[in-house]
Amino acid sequence: MKILEYFIVLLLVGFALCFSVAVVQAEGKFKLQEGAKGKLCLGCHSTFGSKMKAKHIHTPLAQGECTGCHNPHASDHGMLMDGSADSICYNCHDNVVPAGAASSHQVAAEGKCVSCHDPHSSDYPANLIKGGSKLCFECHKELGDKIASSKFGHAPVQQDCLKCHNPHASEKNASLLKTNEPGLCLECHQTSSSGFKKQHMNYPVEQGRCTSCHDPHGSNSGAMLADNVHAPIKNGMCNQCHAEPDSAQPFAVKKESYELCQGCHYEMINENFGKNRLHWPMVDQTGCIHCHAPHASSVDGLLRKPMLEVCGSCHADTLARQERSETKHQPISEGKCTGCHSPHAANNIFLQKEASSIDTCAQCHDWQTHSTHPIGAEVIDPRNPNLTLDCLSCHRTHGTEYKQFLYYPDVQSLCVQCHSKYRR
Amino acid sequence: MRKILISALILLPLGLFAVADAEAAKIKHQQTIYADIEGIALHLPEGVACDDKTLAVADTGNSRVVIYRLEAQAMVAKTVLPLEGLSPIVIRMNSRGELYLLDGRERAIVKLGADGKIDGKLKPENLPNPQNFVPRSFDFDQQDHLYLVDIFAGRVLILDGTGQFLRQIPFPEKHGSFADIAVSPQGAVYLLDSVAGAIYAAGPEAESFTLLSQGLKEFMNFPTSLALDGQGNLYLSDQYGSGLAVVSRDGTFLGRKFGLGWEDGQLYYPAQLCINDQGALFVADRNNNRVQVFSILEE
């Protein structure tokens with residue numbers, strides 16, 4: 001008998017539970033009238049009519065679930081969004097940027113999805129604002145221009161960036177690549193032909209990194225080699241630096257670090273070795289290729305990346321100071337570190353080209369028109385008997401948190417450091 | 001209840017001790033050294049070596065070493081050792097008071113004789129491959145074994161007093177750029193990575209380095225020199241941040257000291273540090289063309 005009672009209670013509870021779920025589903029969290037949902041919203045938001053005619057409509061909108069993203073009553077976010085604009089998309093699209101991804105698209109990682117997608121509808125797949133690579137080139141303009149003007153183009157690049165790149169993130173590969181190189185390249189390029197082998201001096205390049213010589217976005221050099229090609233590569237003399245192609249380790253280099261480069265660049269290296277201060281990375285395990293690409297580069301001087309990025313890879317603190325600085329120093333903004341510094345070696349502090357900071361600054365600034373404050377080797381710094389006044393007495397060239405790279409918040413505070421009788 | 005109270009009474013002082021230990025010691029300015037015995041100003045001094053009674057300054061910009069001796073609680077200039085053609089950027093003193101310096105121009109370790117003259121370059125012998133090496137910095141242990149940061153081959157070479165190879169410790173696999181080394185009296189080796197803002201450590205007989213402290217870039221810009229105090233705390237000279245940082249022997253960041261400036265107790269692109277057994281801290285205040293002397297006040 002007790003068992004029967006137990007089953008009846010269980011049955012009633014089950015019915016009650018099913019009923020309550022059905023009620024919640026019908027009314028939703030905002031208890032809308034039955035059947036209202038998006039239809040009710042469109043009653044006022046009539047301009048959405050055209051949005052609804054687009055080829056691709058965002059699923060919640062197509063299903064009339066405006067409340068999937070918007071709160072109909074009140075919100076702390078613009079457009080009555082039901083959450084922060086930079087995170088609301090992740091409520092549904094939570095796997096767009098996998099945790100620990102090897103690379104991620106900045107806009108996706110920052111939740112700026114609407115930079116590329118129309119949250120309601122679009123005539124382009126995936127609700128993109130524009131079709132194909134045009135959208136990518138809105139931000140990556142310089143790359144777009146380069147691709148358009150390259151004498152030797154790469155067909156997939158001209159078709160669609162997404163042939164090679166994931167738009168949001170790549171779990172395992174750098175640069176948002178779908179597959180790492182050389183695998184990605186080998187999906188299209190056959191390497192077994194005798195012509196291919198001959199062009200690559202019989203080195204097993206299919207095991208290497210194609211982009212160490214070729215610019216995948218196209219270039220003005222034949223065979224889509226990057227625009228600046230190291231002479232041995234240009235001359236097909238890979239074995240000038242590497243072991244023979246049929247050896248056990250064909251990519252092994254003949255000497256280590258700077259010693260390999262010294263074989264040809266002995267004059268430059270020896271000249272720098274005679275100076276008081278050497279840029280240490282030049283002589284460490286990695287040597288010259290810390291900064292230079294050994295095969296080819298799209299940057300002048302065979303730099304691995306634009307100068308600011310190369311220098312910033314170690315001196316991030318210095319560049320960060322410039323970023324924070326209220327006043328920007330033009331040579332740094334333009335990535336011309338070598339305007340003032342000698343990148344290999346110098347006899348001067350900070351590897352400056354000139355011994356005196358006055359001479360360094362005078363390359364661009366005519367100080368007599370800038371200020372008539374006495375500076376120079378004869379003018380002792382009142383703060384320190386061992387210093388003379390120069391540009392760096394008042395300015396910090398990579399920036400401070402104050403204007404004109406001053407060490408102090410205003411001119412008054414700066415001047416009274418020396419002219420102490422005027423201190424308030 | 002009584003047990004709890006007794007436990008609390010025992011643990012409270014221990015907790016306070018732990019807190020005290022976790023804080024950086026106070027540092028008091030003692031002296032600023034501007035010149036040699038003849039009043040000739042220091043110029044871009046990058047190196048300082050010390051013991052309890054002597055300070056040797058690598059006066060880099062003047063290509064010389066200046067020796068100071070402790071007299072009446074102050075360092076007094078005594079001798080000038082000219083090093084024409086050399087660019088001394090690191091200087092160390094072994095237990096016998098002998099001076100060794102790293103010449104930035106030749107990238108060689110140079111030994112100075114008792115008379116202050118150059119007594120030749122260090123020539124390591126019986127090195128395993130590669131034979132070539134590039135010294136970035138060095139230090140001595142209590143047996144006067146020399147620990148040399150060889151950035152060319154990515155290793156720390158350990159040599160005896162005559163330059164004979166004893167052993168080597170390879171650099172850790174992933175690293176930035178090593179700038180300095182310090183060896184504790186117990187033989188622990190500390191390696192400073194300027195670019196990554198990290199310190200690696202190896203025990204007295206260890207064959208590899210392990211990461212002691214990372215993420216120091218959060219607290220400093222570009223540390224270039226390392227010194228140990230009597231408690232085993234590590235003092236770092238933050239060259240581009242114009243200050244010092246203190247890290248405990250377990251790698252915990254304890255705090256920053258000083259800031260950029262020209263007054264006593266302020267630094268302007270400091271270089272090498274040295275701490276003697278008396279707790280005197282010497283800083284090559286490079287771009288202020290001077291050396292500052294501080295005392296570390298243990299609490």
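Modeller: Happy to! A term to begin with: strands here are DSSP runs of E with at least two residues, numbered from the N terminus. Please keep in mind that this is a predicted model.

Let us start with the hairpin of E4(B) and E5(B), which has two residues between its strands. Strand E4 of chain B covers residues 64-71 and strand E5 of chain B covers residues 74-82; the two run antiparallel and are joined by eight bridges. Within this pairing, B:Tyr68 faces B:Ala77, a residue of E5(B). At the turn of the hairpin, look at B:Ala72, whose phi is positive, near 50°.

Further along chain B there is an open sheet of four strands, ordered E10-E11-E12-E13, and its pairing is antiparallel. Its edges are formed by strand E10 (135-140) and strand E13 (165-170) of chain B, each of which pairs on one side only. On average, and ignoring direction, neighbouring strands of this sheet are turned by 20° against each other.

Finally, the partner: chain B brings 27 residues to the contact, and chain A brings 20 residues. On the side of chain B that touches chain A, 13 residues are nonpolar, eight are polar and six are charged.

How values were computed. Residues numbered from 1 in each chain as written. Chains lettered and ligands numbered in written order. Predicted model: local features only at pLDDT ≥ 70, side-chain atom pairs only at ≥ 80, totals over all residues. Pairing = 2+ DSSP bridges. Contact = placed C-beta atoms within 7 Å. Nonpolar A, V, L, I, M, F, W, Y, C, P; charged D, E, K, R; others polar. Axes fitted to C-alpha atoms, helices over the stretch in contact; angles between N-to-C directions.
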